[in-house]
Amino acid sequence: SPSTKKRHEEYESKLANALTHYASHIGSVTTSSHQALLEEDGTMHELEFAAMAIANEMNRLSLIRYRLGLDDDEEEEEEESEPNSQLDTADIEKEAMIKDSLDPEEWYAYSYWELHAYFSCAAEFIKSKPIPTPERWNDLRSFYHEFVQQDLQDWPLQNENEPRSYIYTDVSYDPPMEPFQSGFKGRGLKANRRIEKGELVFRATNNTIIFTHGHTWRKFLFALYERHGEEEHQLDSETTCDVLVWSWIQRLVPRGPLVIVMDLDNGSLMNEGREDEGWEDPNVKCGKEDWCDFEYYAIKDIEVGEEILCDYREFAMLNAWVDMGL
Ligand SMILES: C[S@@+](CC[C@H](N)C(=O)[O-])C[C@H]1O[C@@H](n2cnc3c(N)ncnc32)[C@H](O)[C@@H]1O
């Protein structure tokens, strides 16, 4: 009836005003202020419910902005001034929220950051992790080989296409460095002898694996995560998150296709240095010329015990996960 319609219109206009009001204050709308509102009259009014829905949406938006690195300057400054431990807690909470919003049935479409959240990697990275033993690397390499066999059985290559994952080279190499605990950077690599400027320090080896398909890498992570079983206590966040953060994207030849690369050995433990404020200087550089050919040379004399650092941006394409379908 016309009167019902009018009532609805009035209601909608009130709702719209209220939503605009809430939206303008959304920055300060928190779950606890909603809690206070609810406790006053004990009921949940539609408007409050709607405002809460907006707050949730805004939270989702801020998560997406956070994941895309679009947080505005003000937030960044605020984050930088916080002590690390609070930042970590915030990261873990954000990641738990992302995880809750994920549909496990859609695992095959998870992006890099959704995988990061699904495996609870923020929580994993605040832990101090042991230096992988040679047995652990052997185990990981065997698991990789089993995975590749299984993947080929599940999905045979079509028309002898290039493999979806392979070992980069059959060359082995024993680099002049050893793993150690490098404080807040986690595990790292240090020189185990004096290294002269210009010396080859590190190179891709028969433990370097390549994924030409983002989805195969995603399958590898899930296979690792669930290798001991799918029960909560059997899931292997530790190894899966390590592999996730040890992987990077690179082109093997100039203008060639993007691939995902990782070393199934201590090479994965090399930390980053940059010639920028707030960073330690790098002491090795990838490639002798501009092109990173998987060989790293000392750019200065390196003393025994000094940490080996390289600028990841010389070879890794840090924001290319989406281009690999991740
Ligand atoms: C290739 S791994 C290096 C090994 C790693 N530290 C570990 O324990 O597994 C890259 C990760 O190491 C950490 N990292 C590397 N360089 C760092 C630096 N300069 N400061 C802080 N963390 C760093 C970051 O967590 C980064 O995602």
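The dialogue below goes through the chain as a whole, its sheets, a helix, the ligand shell and the domain contact.

Trainee: What kind of model is this, and how are residues numbered?

Mentor: It is a predicted model, in which local features need pLDDT of at least 70, side-chain atom pairs count only at pLDDT 80 or more, and totals for chains, interfaces and linings use all residues. Residues are numbered from 1 along each chain as its sequence is written.

Trainee: How many helices and strands does the protein chain have?

Mentor: Helices (H or I, at least four residues) and strands (E, at least two) are DSSP runs, numbered from the N terminus. The protein chain has ten helices and eleven strands.

Trainee: What share of the residues count as buried?

Mentor: A residue is buried if 20 or more other C-beta atoms lie within 10 Å of its own, exposed if 12 or fewer, and partly exposed in between, with C-beta atoms placed from the backbone. Of the 326 residues of the protein chain, 22% are buried.

Trainee: And what share of the contacts joins residues 24 or more positions apart?

Mentor: Two residues are in contact if their C-beta atoms, placed from the backbone, lie within 7 Å. Among contacts in the protein chain with a separation of 6 or more, 68% are between residues 24 or more positions apart.

Trainee: Which strand order does the open sheet have?

Mentor: Strands of a sheet pair through backbone hydrogen bonds, either parallel or antiparallel. Here two strands pair if DSSP finds at least two bridges between them. The open sheet has four strands in the order 1-5-7-6, with antiparallel pairing. Its edge strands are strand 1 (165–167) and strand 6, each of which pairs on one side only. From one strand to the next, the twist averages 35°; axes are lines fitted to C-alpha atoms, for helices over the stretch in contact, and angles run from 0 to 180 degrees between N-to-C directions.

Trainee: Why is strand 7 described as largely enclosed?

Mentor: Strand 7 (residues 258–263) is largely enclosed by the rest of the structure because five of its six residues are buried. Strand 5 (residues 208–211) runs antiparallel to strand 7, joined by four bridges, and F211 has I260 as its bridge partner. Strand 6 (residues 248–251) is also antiparallel to strand 7, with four bridges. There I249 is partnered by I260, and R251 by L258. The hairpin of strand 6 and strand 7 has six residues between the strands, and R255 takes a positive phi near 60°.

Trainee: Which face of strand 10 is covered?

Mentor: In strand 10 (residues 295–298), Y296 and A298 form the covered face, and E295 and Y297 the uncovered one. Strand 4 (residues 200–203) pairs with strand 10 in the antiparallel sense over three bridges, with L200 partnered by Y297. Strand 9 (residues 284–286) pairs with strand 10 antiparallel, again over three bridges, and K285 stands opposite Y297.

Trainee: Which residues of helix 10 are buried, and what covers them?

Mentor: The buried residues are T239, T240, C241, D242, V243 and L244. Their cover includes helix 6, helix 7 (121–125), helix 9 (214–225) and strand 7.

Trainee: Which residues are closest to the ligand?

Mentor: A residue is near a molecule or strand if its C-beta atom, placed from the backbone, lies within 6 Å of it. The ligand is surrounded by 13 residues, of which K185, G186, R187, N271 and E272 are the closest. Two or more residues each come from strand 3 (187–191), helix 10 (237–246) and strand 8 (271–272). Helix 10 gives the most, three residues.

Trainee: How many domains divide the chain, and what touches what?

Mentor: Domain bounds come from an automatic or database domain assignment. The chain is divided into domain 1 (2–123) and domain 2 (128–324). Their contact takes ten residues from domain 1 and eleven from domain 2. On the domain 1 side, helix 6 (residues 112–118) gives the largest share, three residues.
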